[in-house]
Amino acid sequence: MVAITGDHRGAPLADSVAETLSELAAIGQSPRGGVTRVAWSDDLFRAYAWIGERMHELGLDVEIDAAGNLVGRWNVGSGKAVAIGSHLDTVPSGGQLDGAFGVVGALHAVSLLRAEGFTPSRPLWVIAFMDEEGTRFNTALFGSHAFTGGAVSDFADRVDTAGTTLRDAMARAGHDVDCTRDAKRIDQLAAFLEMHIEQGPLLEAEDLDIGVVTSIVGLRGYRVHLHGEANHAGTTPMRLRRDALAGAARIALQLREFARSRSDVTANVGKIAVEPAGANVVPGLADFTIDVRAASPAAVEELAQFVEGTVAEIAGEEQLEFDLATTFSLDPLELDSDMVDAIERAAVAEGARWRRMPSGAGHDAMLVGRHVPTGMIFVPSRGGISHSPEEYTSPAQLELGTRVLAAALRDLLRQGGDACTLLE
Ligand SMILES: [Zn+2]
């Protein structure tokens, strides 16, 4: 545990959620536009200190745990805690809202409860998980993984683009990767609620305020190497070429056709490099990624088989050798039905227009939700845009989401209510 930097005097929240978010967004302003606060960076810890001061002002006990999660605890009532929150790290040149809204909205929800004199029946924690995005070390969901007991020290030797290992980056921030097991505190939680921007176009298209999330997609990530033969682009007859890029292109298109033929899966080839990369040389090597997602375990399994079959088949037809490695695997998660009901009641109580919907993006909730009852609240994303400075949700929609979160907390944490039957 690391004491948080800053003056510890506390600092008040702005009047509105949108104002607090824009104040926070001043930390990590990127010269290329947007906000850059990648895992273990100085800017991320500056954001922790800034949010930590506001947590102090709300009367929370503030700490950064062994895995770099920022935790503010309202130690009240008895039994296991209800946690709310999301993450403060961003992708490079990201927006103000992805992750940050879940943390800032959580603080404003606590502030609402405080202001009305509400006393929770059990402890209430606000958490900002470390490295949700995984953008620096390819270690997405790092903090929630450690919090739920995952062995994140296995990632110690991963390097960022500057060649810094995760171990060194953590050491620079005062953390020891070999101590991250101390961050396991899932046993102290009764439930988790994460609020987030939708990052998709559905709510806006249907003119709705709130998404009550029912499930989070499963995903598989792959790294593929196709080996052909580099040769002269002019003298090698077309039928004799072993063109690795042509093979990669056929695989990308075949995956796209498969995903387009159904409504429940997505497929993406997002990164590709070829060698030797000469304009007049047949590509001898193609190195690319595949990301496939689906909402049900059966569909994820079907996708995995399709990926493996397609890579093998096209490599064979193009006379290429191939390596296919799984880099990431997360099963889909059905969120807790009692939590879904509680969020729905909260949306009704606040007069929000809402719908149930799945999440197509991964979130910390998908790890925490494997251990304790977990729910998610979405607010609309204008144009469905995220991971961009263009992220936008109206101030009124941010306030409404926050009020729905507060209403759900009143429901889960009321004294003498039936919350204890809902939460073990
Ligand atoms: Zn996020």
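Start by selecting Asp98, which is buried, with a relative accessible area of 5%; buried means under 20% relative accessible area, exposed over 50%, and partly exposed in between, using a 1.4 Å probe and protein chains only. You are looking at a predicted model, where local features need pLDDT of at least 70, side-chain atom pairs count only at pLDDT 80 or more, and totals for chains, interfaces and linings use all residues. Residues are numbered from 1 along each chain as its sequence is written, and side-chain values use heavy atoms, with hydrogens and water left out.

**Stop 1: the zinc ion**

Which residues coordinate the zinc ion? They are His87 (NE2), Asp98 (OD) and His196 (NE2), at 2.0 to 2.2 Å. Donors here are N, O and S atoms within 2.8 Å of the metal (3.2 Å for Na, K and Ca); water is not among the atoms, so sites may look incomplete. Along the chain, the donors follow the spacing H-x10-D-x97-H. His87 sits in strand β3 (residues 81–87), while Asp98 is in the loop between β3 and α3 (100–115), eleven residues apart. Helices (H or I, at least four residues) and strands (E, at least two) are DSSP runs, numbered from the N terminus. His87 is buried too, with a relative accessible area of 0%.

**Stop 2: two helices**

Now select helix α1 (residues 17–24) and helix α2 (residues 42–57), whose axes come within 11 Å and cross at roughly 145°. Axes are lines fitted to C-alpha atoms, for helices over the stretch in contact, and angles run from 0 to 180 degrees between N-to-C directions. Show the side chains of Thr20, Glu23 and Leu24 of α1 and of Ala47, Trp50 and Ile51 of α2, which make the contact (heavy atoms within 4.5 Å).

**Stop 3: salt bridges**

How many salt bridges does the structure hold? There are 24, each a side-chain nitrogen of Lys or Arg within 4 Å of a carboxyl oxygen of Asp or Glu. Arg220 belongs to strand β7 (residues 218–227) and Asp331 to the loop between β13 (321–330) and β14 (333–334), 111 residues apart. Is Arg220 buried or exposed? Arg220 is buried, at 13% relative accessible area, whereas Asp331 is partly exposed, at 44%.

Next, pick Glu321 and Arg242, a salt bridge with its closest N and O atoms 3.4 Å apart. Glu321 lies in strand β13 and Arg242 in the loop between β8 (231–232) and α7 (244–260), so this pair ties together parts that are 79 residues apart in sequence.

Then move to Asp341 and Arg356, which meet in a salt bridge at 3.1 Å, N to O. Asp341 is in helix α9 (residues 337–349) and Arg356 in strand β15 (residues 354–359). Finally, select Glu63, Arg73 and Arg185 together to see a network of salt bridges.

**Stop 4: backbone details**

Zoom to the peptide bond from Glu275 to Pro276, which is cis, with omega near 0°. Pro276 is in the loop between β10 (272–275) and β11 (281–282).

End with Asn138, in the loop between β4 (124–129) and α4 (142–147). Asn138 has a positive phi of about 55° although it is not a glycine, and at 47% relative accessibility it counts as partly exposed. Asp207, in the loop between α6 (202–205) and β6 (210–216), also has a positive phi of about 55° without being a glycine.
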